[in-house]
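Hello,

Here is the structure for your files. My notes on its charged side chains follow below it.

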Amino acid sequence: MVGQMFPYSKLQSLNDLETVIYNYVNKHSRAVESMTIRELADHAHVSTTTILRFANKMGYDGYAELRFALKQHRRNQQQTESNDSYDITVPLADFFSKVNSTDFGKLIDQAMTLIDAAPMVLFFGIGTGASLSQYGARFWSNAGKLALPVPDPFQPFTGGTPFPKGTVVVVLSVSGETAEVIEFVSRVQPEGAKIIAVTNHDRSTLAKMSDLTISYYMPELKHGSLNLTTQIPIVYLIEMIAHRLDDERDNG
């Protein structure tokens, strides 16, 4: 499956015949690796000119470069699929060592200051982040904090209905670069919300846009376009902060 080789924005530019080529290549990529341009034209029932135009639109200088990219894509997928030696306990041990450090403790203290003062907390994420947002909102609510997930990345936030002053938005994103996440943050910032980013990268666009960033630095694993990076650090952070909120409520 090579669909992820071709960005959706480029696929939108294809005409009907070029789309026929895309569909054929996507279904028979291994065979296409060894086909001449004339053989592909015969199999897909298009002209060689159409194939060259397709390759150019996908960002390749010619058919030879497209075939080479197909081979490299397959080899990268095979390497990922055969990587059975990954031991999740190694990076997790490093993470749990870091959370016991003084610097990390100060970072959590800063987060607690924002959260304690917030009349409301919103959780937001895309994909797995969306599921964790629901979990985080429910877990913090169990601890006595008004917390709600934002399930729709296109939820409108109009100037006529501003957030309560001091509202905190917890944004969950492995890369910190997802377009929908960045666009969402750019819409809620004018409402005066405080942004806490929980991300794998402290130098990401999301991190730069946020009031506070908590990074967990896990090895990123992908299966094709799907992200398999562990989310255990996020669950840990959600539950740790929830227990601190619960302790403060009991002691208050």
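Asp-109 and Arg-244 form a salt bridge, with 3.0 Å between the closest N and O atoms; the term means a side-chain nitrogen of Lys or Arg within 4 Å of a carboxyl oxygen of Asp or Glu. Asp-109 belongs to helix 8 and Arg-244 to helix 12, so the pair ties together parts 135 residues apart in sequence. Helices here are DSSP runs (H or I, at least four residues), numbered from the N terminus. Asp-109 is partly exposed at 38% relative accessible area, and Arg-244 is partly exposed at 29%. Buried means under 20%, exposed over 50%, and partly exposed in between (1.4 Å probe, protein chains only).

This is a predicted model, in which local features need pLDDT of at least 70 and side-chain atom pairs count only at pLDDT 80 or more, while totals for chains, interfaces and linings use all residues. Residues are numbered from 1 along each chain as its sequence is written, and side-chain values use heavy atoms, leaving out hydrogens and water.

The count comes to seven salt bridges. One of them joins Arg-53 to Glu-18, with the closest N and O atoms 2.6 Å apart. Arg-53 sits in helix 5 (residues 48-57) and Glu-18 in helix 2 (residues 16-27), 35 residues apart. Arg-53 is partly exposed at 32%, whereas Glu-18 is buried at 0%.

Another salt bridge links Arg-74 and Glu-33 (2.7 Å, N to O). Arg-74 is in helix 6 (residues 63-81), and Glu-33 is in the loop between helix 3 (29-32) and helix 4 (37-44). Glu-33 is buried, with a relative accessible area of 5%.

Regards

Key
Helices (H or I, at least four residues) and strands (E, at least two) are DSSP runs, numbered from the N terminus.
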